[in-house]
Amino acid sequence: ARLANQIAAGEVVERPASVVKELVENSLDAGATRIDIDIDKGGSRTIRIRDNGKGIPKDELGLALSRHATSKIATLDDLEAIASLGFRGEALASISSVSRLTLTSRTAEQEEAWAAYAEGRDMEVQLKPAAHPIGTTLEVLDLFFNTPARRKFLRTEKTEFGHIDELLKRIALSRMDVTINLRHNGKVVRQYRAANTQIQKERRLAAVCGQAFLDHALAVELSHGDLKLSGWICSPQGARSQNDIQYCYVNGRMMKDKLINHAIRQAYESSLAPDQYAAYALFIDVDPHQVDVNVHPAKHEVRFHQARLVHDFICQGLQSALIEGAA
Ligand code: ADP
Ligand code: MG
């Protein structure tokens, strides 16, 4: 069982940031409003993620660590209109096969928490009582300790932590309703407070994208039928020499999509020099049946059924925001 899981792990777990991604997505799926992430040594020593989500019942802990044990797909229609972030049911099993993983959880119905970990070649799950508030903590120690070839591919602590930081920025923008705290080697690095009002959201935007971005940001809020576009774009004066602040989400998922990029670039028309990049944090919401999300986790592409319409909606919407901003 361990070997099969290790092979699967090759697809899911490339580096510490991929572990953080899977675990934070699970926390979000579980309805957490606060997620605390502790990293040691760029994640190669420790990745610890604690949430206040709904928890996992004691009798499902073992299952959660086994492959294809997703609790998230009920019907085929669910699969077509993927609502929750996780749907493959193999992240925990894969991560557990290439690390020392402990899963500790408590549900509201339970008096006490339980810790689960898989051991040995057969990955037999052991349970023991633990102390934990309602919610879940995943602790991943010594990532790739048993796959030395992969461990060798890890970059410096700084680089690996950088990937984690960037990943959490993306998530912090798309889920402003959730408090996210990040520590590295015991030091607080980021504190993203849950934001509800526009002012709180702008504060969070500045925490992620920097004050300079906020200073040049124009708020966007448009809709056309069930197509919605919201977020911020920078004015041409705020354009950058690096394409480092380009965040775009479709139905809450981060995308790097050619059609969308083209629409944004076109909206600026000639107001950007060839070596300048637009900066933006944009959220597109569309009827899930009107879009195909490539189910390969590494691809960030979408296919809109009405591509032309979406393109022109984004382009024209941003053009009018830019014109208003200049006025
Ligand atoms: P998937 O997310 O694709 O269902 P995972 O391997 O990531 O598969 O997780 C397996 C299962 O464990 C989930 O379906 C969920 O029921 C449970 N689970 C994992 N993490 C959490 C969490 N933080 N809170 C509550 N349940 C969780
Ligand atoms: Mg998952």
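This is a predicted model: local features need pLDDT of at least 70, side-chain atom pairs count only at pLDDT 80 or more; totals for chains, interfaces and linings use all residues.
Residues are numbered from 1 along each chain as its sequence is written, chains are lettered from A and ligands numbered from 1 in the order in which they are written, and side-chain values use heavy atoms, with hydrogens and water left out.

Let me start with the overall picture. The protein has 11 helices and 15 strands, where helices (H or I, at least four residues) and strands (E, at least two) are DSSP runs numbered from the N terminus. Of its 327 residues, 45% are buried; here buried means under 20% relative accessible area, exposed means over 50%, and partly exposed lies in between, with a 1.4 Å probe and protein chains only. Among the contacts with a separation of 6 or more, 67% come from residues 24 or more positions apart, a contact being heavy atoms within 4.5 Å.

Now the eight-stranded sheet. It is open, its strands follow the order β5-β4-β3-β6-β2-β1-β7-β8, and the pairing is mixed; two strands pair if DSSP finds at least two bridges between them. The edges are held by β5 (124-130) and β8, each of which has a single partner strand, so one side of each is left without a neighbour in the sheet. On average, and with direction ignored, neighbouring strands of this sheet are turned by 15° against each other.

Two pairings in this sheet can be followed in detail. Strand β3 (residues 100-106) runs antiparallel to strand β6 (residues 135-141) over seven bridges, with L101 opposite V140 in β6. Strand β7 (residues 179-184) is joined to strand β8 (residues 187-192) by five bridges, also in the antiparallel sense, and R183 stands opposite V188 in β8. These two strands, β7 and β8, form a hairpin with two residues between them, and N185 in the turn has a positive phi of about 50°. Across β1 (34-40), β7 and β8 lies helix α7 (residues 157-174), which runs at about 175° to β7; for such angles, axes are lines fitted to C-alpha atoms, for helices over the stretch in contact, and the angles run from 0 to 180 degrees between N-to-C directions.

Strand β11 (residues 246-250) pairs with β12 in the antiparallel sense over two bridges, and Y249 is found opposite M254 in β12.

Several residues make the contact, including L259, I260 and I264 of α10 and H311, I314 and L318 of α11. By class it has 11 nonpolar, four polar and no charged residues, where Ala, Val, Leu, Ile, Met, Phe, Trp, Tyr, Cys and Pro count as nonpolar, Asp, Glu, Lys and Arg as charged, and the others, Gly among them, as polar.

How many aromatic pairs does a search of the whole structure find? It finds one, and the pair is stacked, because the rings of Y249 and F283 have their centres 5.0 Å apart and their planes at 10°. As to the cut-offs, rings of Phe, Tyr and Trp (its six-membered ring) pair if their centres lie within 6.5 Å, and planes under 30 degrees apart count as stacked, over 60 as edge-to-face and the rest as tilted. Since Y249 lies in strand β11 and F283 in strand β13, the pair ties together parts that are 34 residues apart in sequence. Y249 is buried at 1% relative accessible area, and F283, at 15%, counts as buried too.

Finally, two loop residues. K41, in the loop between β1 and β2 (46-51), has a positive phi near 50° without being a glycine, and is partly exposed at 38% relative accessibility. N251, in the loop between β11 and β12, likewise has a positive phi of about 50° and is not a glycine; its relative accessible area is 31%, which is partly exposed.
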